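Colleague: Could you walk me through this one slowly, as I am still learning to read structures?

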Amino acid sequence: MIVRLLAALAMLCLAAPVHAQIVEVDGGAVRGVDAGSAIIFRGIPFAAPPLAGLRWKAPQPVVSWSGVRDATKPAPACIQNDQGWNEASFRFASEDCLTLDVRTPALTGRRPVMVWIHGGSNRAGSPDDIVQSTITDEGVVLVAIRYRLGLFGFLTHRALTREAGASGNYGLMDQIAALRWVRRNIARFGGDPDNVTILGESAGAQDVSLLLAAPDARGLFHKAVMQSGTPGFGLSFRTLAEGERLGDQLDALLEAGGDIARLRQASVPALLAADLRLHDETLEANDYMWIRATIDGAMIPKSPEALLMEAPPRPVIVGSNRFELDLPGGRPHRDGFVATGFGSREAEARAFYRLDEADPPAHPRLGTRDQQIATDISFRCPAINMAELLASRGAPVWHYEFDASPNGGMTWHAAEIPYVFGDQTFAGQSLPPYWVNFAITGDPNGAGLPQWPQFPAHAAFEQDGVVAKGKLRPEPCNLFERL
């Protein structure tokens, strides 16, 4: 009997929750959980639920709650279609999703803050379990945010333009609302609101770059990291008029007759189904529908290049992976993709890639010729152009190319994330020290680390270690003009 009692007590202790922590934030108190080396809070609201009449409106102030809100369990992702890779986020999603997660070593102190903006083509994804990362053991506070996706977050519509003077980019507005929340509240989590670094991957990196440009985001962060994403992914920017034509398509699909009230009353499944049927005639594949950035006239009042030239210079890390993704639309769309990407330099680009000759053997690290074209146009060359623009403004810029993988094979899109937030290493090296040093001081270099020179040089994070190299792939990127 005694043995059974002791065993039962032991199981009870193992199952008992660890010590909870309570913090007062905008709207009320939240309870997080002590996870050993850090305290984790999940699903803290930073804005009102964007439901019904608030659908396709700028985020509104948090709705207060009574008592202590449980912030110990994962929060739902924002509404999205199932793309396969995002099935978990698709299944656990809600239109009431404007929340963020915080991981901090302690509630006291004043530590640098890293704010993560997830990727997913601005139409899918979530922060997932990024707050489980032990990167906070290095003395930083980690915040991960959710933002409206797909047509819920980026729809432009004539009625919305009439209503507010501009429309679109609600997801970016959500991100700014989250950064304002960080500004007001992060000190209560042991963070320093005067030392905030925003970082993102893919569409998250694009959004980071647009926040660097956006006038409304000025003063809300101090450094930025862009992993495989720039303001347009090498695409032309969408005008407000072009965006409104997508709104016209939605009207036709749902027989709304231009009535935004009817669209606000439409069901989530109906809107998700319509989202999959929208078409941007300038794109080779509609996978890129919501990462073709829209100059809406308010959030992004003019060309991102022009805005970046006016913005205050801030330290940045920008880079891409050696191989990212295949050609949008596949081989039949290659000629159109090259023509659109290189514009007036198309003939020179075709000569460089030898497109009128038989396919050469695949490069062991860069991939097939089509894969090289896809990575050059959408990732590598835009990142170089972004680095050049920012450096010309006096910003300290560190450029990288990531080329390591657990099995020694080619990289792929998002392959670097486990190396930044997880425990993956290559040749005894890891990325967190560089990223954390950058968050602390604005310079990724530190004692014991291989030197990372500023742009136009770049750091190659390779299977054999960190190697400082010159300017990356000048041909064909000297032929490419877009961000």
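Modeller: In helix H12, the residues Ala-349, Arg-350 and Tyr-353 are buried. They span an arc of only 100 degrees around the axis, and therefore they sit on the same side of H12. Please keep in mind throughout that this is a predicted model.

Colleague: Okay, and which residues are exposed on the other side of H12?

Modeller: On that other side, Ala-347 and Ala-351 are exposed.

Colleague: What covers the buried residues of H12?

Modeller: The cover includes H11, helix H13, which runs over 369–392, and H16.

Colleague: Which residue does Arg-350 meet in a salt bridge?

Modeller: The side chain of Arg-350 meets that of Asp-335 in a salt bridge, with 2.9 Å from N to O. Asp-335 belongs to helix H11 (residues 334–342) and Arg-350 to helix H12 (residues 346–353), so the pair ties together parts that lie 15 residues apart in sequence.

Colleague: Why does Arg-350 count as buried?

Modeller: Arg-350 has a relative accessible area of 18%, and buried means under 20%, so Arg-350 falls in that class. Asp-335, with a relative accessible area of 35%, is partly exposed.

Colleague: Switching topic, how many salt bridges does the structure hold?

Modeller: There are 32 salt bridges in the structure. One of them joins Arg-123 and Asp-287, whose closest N and O atoms are 3.7 Å apart. That pair links distant parts of the chain, 164 residues apart, with Arg-123 in the loop between strand E8 (111–117) and strand E9 (141–145), and Asp-287 in the loop between helix H9 (268–275) and helix H10 (304–310). Asp-287 is partly exposed, its relative accessible area being 41%.

Colleague: And Asp-280, which residue does its side chain meet in a salt bridge?

Modeller: The side chain of Asp-280 meets that of Arg-292 in a salt bridge, at 3.1 Å from N to O. Asp-280 and Arg-292 are each in the loop between H9 and H10, twelve residues apart. As for accessibility, Asp-280 is buried, and Arg-292 is buried too.

Colleague: Which residues are linked in a network of salt bridges?

Modeller: The network links Arg-322, Arg-365, Asp-376, Arg-380, Glu-401, Asp-403 and Arg-473.

Colleague: Let's stay with Arg-473 then. Where is Arg-473 found, and is Arg-473 buried or exposed?

Modeller: Arg-473 is found in the loop between strand E15 (465–469) and helix H16 (474–477), and at 16% relative accessibility Arg-473 counts as buried.

Colleague: What does Arg-473 touch?

Modeller: If we leave out residues up to four places away in sequence, Arg-473 touches Phe-352, Tyr-353, Leu-366, Gln-372, Asp-376 and Arg-380. The side chains of Arg-473 and Asp-376 are joined by a polar contact of 2.9 Å, and a polar contact of 3.3 Å joins the side chains of Arg-473 and Gln-372. Tyr-353, which Arg-473 touches, is also one of the buried residues of H12.

Colleague: One last thing, where is the place of Ala-58?

Modeller: Ala-58 is in the loop between strand E3 (39–45) and strand E4 (68–70), and Ala-58 is partly exposed, with a relative accessible area of 36%. Apart from its neighbours within four places in sequence, Ala-58 is in contact with Arg-148, Tyr-170 and Met-173. Ala-58 and Ala-164 are 106 residues apart in sequence, while their C-alpha atoms are 9.4 Å apart in space.

Conventions: Residues numbered from 1 in each chain as written. Predicted model: local features only at pLDDT ≥ 70, side-chain atom pairs only at ≥ 80, totals over all residues. Heavy atoms only, no water. Salt bridge = Lys/Arg side-chain N within 4 Å of Asp/Glu carboxyl O. Helix = DSSP H or I, 4+ residues; strand = E, 2+ residues; numbered from the N terminus. Buried < 20%, exposed > 50% of the residue type's maximum accessible area, 1.4 Å probe, protein only. Contact = heavy atoms within 4.5 Å. Polar contact = N/O pair within 3.5 Å; in protein donor to acceptor, adjacent residues only side chain to side chain. Arc of directions from axis to C-beta.
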